[in-house]
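Let's take a walk through this one together.

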Amino acid sequence: MELYYNPMSFPSRSVLLFAKALDLTMELKELDLLAGEQFAEDFIKINPQHCVPLLVDGDIALSESRAILIYLADEYGKDDSYYPKDNKERAIVNQRLFFDLGSLTNRFLETYIIPILWRGRGVNEEMVPKVEDSFTILNTYLNGKDWIAGDQITIADYSLVTLVSIAEAIGFDLTRYENVANWLARCKDTMEDYEELNQNGLDKFMTLYNEKLSQIE
C-alpha cells in the first residue's frame with residue numbers, strides 16, 4: 001500500500017492519522033507540491049486530479065481524503081466503529097464528511113488559505129462571517145457529544161481535525177466555540193502520534209503561511 005502525500009497538506013495528515021489508528025503500514029511517497037511534482041507525467045497517469053493524498057492499494061488508486069478514509073475503514077477496520085454499518089449512524093458520519101468538505105473546509109480555504117498562499121492578498125474579510133457560521137454549526141453538532149458524529153470517534157473526526165487545527169494555528173478564536181475547542185483538545189489527547197503525524201506538518205505549513213503573510217503585509 002502506497003500513500004502519495006505532503007506533510008503540509010491537511011487532507012494528507014488526516015489519512016496518516018487514521019492509518020495509524022488502524023495500525024496500517026504504508027509506503028510513504030512525499031511529493032514536493034511547491035516544486036510541482038504532482039504534475040509529473042507518471043503521477044498524472046495514476047491520478048488525473050494531480051493532488052495529494054493519493055492511496056494506491058493493489059489495483060485501486062484513490063484520491064480525495066474522505067474517500068480514502070471510507071475505503072480504509074471498510075477494508076481494514078477491525079470493526080465498524082470508525083464507519084458504522086448501521087444505515088442511520090453511517091448517514092450521520094456521511095453528513096459530517098459532506099459538511100466538512102462543502103461548508104467548513106471550502107469556506108475556510110476561500111477565506112484564509114487561497115487568498116494568502118495563491119493570490120497574494122490578505123484575508124478575505126467578506127467571507128469571515130461564513131467561516132464563523134460553519135464553526136457555529138460544528139459547535140452545535142458537538143452539543144452533549146464527545147465526537148463529531150456521536151459518542152465514539154469516527155472517520156469524521158479524523159477528517160475535520162486537521163483543518164480545525166489550522167484554524168487554531170492561524171489565530172482563529174476557537175474560545176468562542178467551546179465544544180469545538182474541547183473536541184480539538186480531546187483529539188490531540190486521543191489520536192495516536194498526533195504530534196508526529198499532524199503537528200509537525202502543521203508547523204511546516206505555518207512557516208510557509210507566515211512567510212506569505214509577511215510578504216503581503
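This is a predicted model: local features need pLDDT of at least 70, side-chain atom pairs count only at pLDDT 80 or more; totals for chains, interfaces and linings use all residues.

Now for the largest pocket, which has a volume of about 990 Å³. Its lining counts 30 residues, and the ones nearest the centre are Ser9, Pro11, Leu33, Val52 and Trp118. Which helices supply at least two residues each to that lining? They are helix 1 (10-21), helix 3 (65-76), helix 4 (87-117) and helix 8 (194-216). Helix 4 provides the largest share, 8 residues. Both domains take part, with at least three lining residues drawn from each of domain 1 (2-76) and domain 2 (87-215). Sorted by class, the lining has 18 nonpolar, 8 polar and 4 charged residues.

The second largest pocket holds about 370 Å³ of space. It is lined by 18 residues, with Leu16, Lys20, Leu28, Glu196 and Leu197 nearest its centre. Helix 1, strand 2 (27-30) and helix 8 are the elements giving two or more residues to this lining, and helix 8 gives the most, with 5 residues. Here the class count reads 8 nonpolar, 3 polar and 7 charged. Where does this second largest pocket lie relative to domain 1 and domain 2? Both domains give residues to its lining, so it lies between them.

Besides being one of the residues nearest the centre of the second largest pocket, lysine 20 forms a salt bridge with aspartate 193, the closest N and O atoms being 3.3 Å apart. This pair links distant parts of the chain: lysine 20 belongs to helix 1, while aspartate 193 is in the loop between helix 7 (178-190) and helix 8, 173 residues apart. Both partners are partly exposed, aspartate 193 with a relative accessible area of 33% and lysine 20 with 30%.

That is one of 10 salt bridges in the structure. Another joins the side chains of glutamate 168 and lysine 188, at 2.8 Å from N to O. Glutamate 168 is in helix 6 (residues 155-170) and lysine 188 is in helix 7, 20 residues apart. Aspartate 173 and arginine 176 also meet in a salt bridge, at 4.0 Å from N to O, and salt bridges with shared partners join Glu132, Asp173 and Arg176 into one network.

Finally, the backbone. Proline 53 sits in the loop between helix 2 (41-46) and strand 3 (54-57). Histidine 50 is found in the loop between helix 2 and strand 3 too, and has a positive phi of about 40° although it is not a glycine. Is histidine 50 buried, partly exposed or exposed? Its relative accessible area is 32%, so histidine 50 counts as partly exposed. Aspartate 23 is another non-glycine with a positive phi, about 60°. Aspartate 23 lies in the loop between helix 1 and strand 2 and is exposed, with a relative accessible area of 61%.

Definitions and conventions:
Residues are numbered from 1 along each chain as its sequence is written. Side-chain values use heavy atoms; hydrogens and water are left out. On a 1 Å grid over the protein atoms alone, a cavity is a set of points where a 1.4 Å probe fits but cannot get out, and a pocket is an open set with protein on both sides within 12 Å along at least five of seven lines; lining residues have an atom within 4 Å of a point. Grid points are joined across faces, edges and corners, and a volume is the space filled by probe spheres set on the points. Helices (H or I, at least four residues) and strands (E, at least two) are DSSP runs, numbered from the N terminus. Ala, Val, Leu, Ile, Met, Phe, Trp, Tyr, Cys and Pro count as nonpolar, Asp, Glu, Lys and Arg as charged, and the others, Gly among them, as polar. Domain bounds come from an automatic or database domain assignment. Buried means under 20% relative accessible area, exposed over 50%, partly exposed in between (1.4 Å probe, protein chains only).
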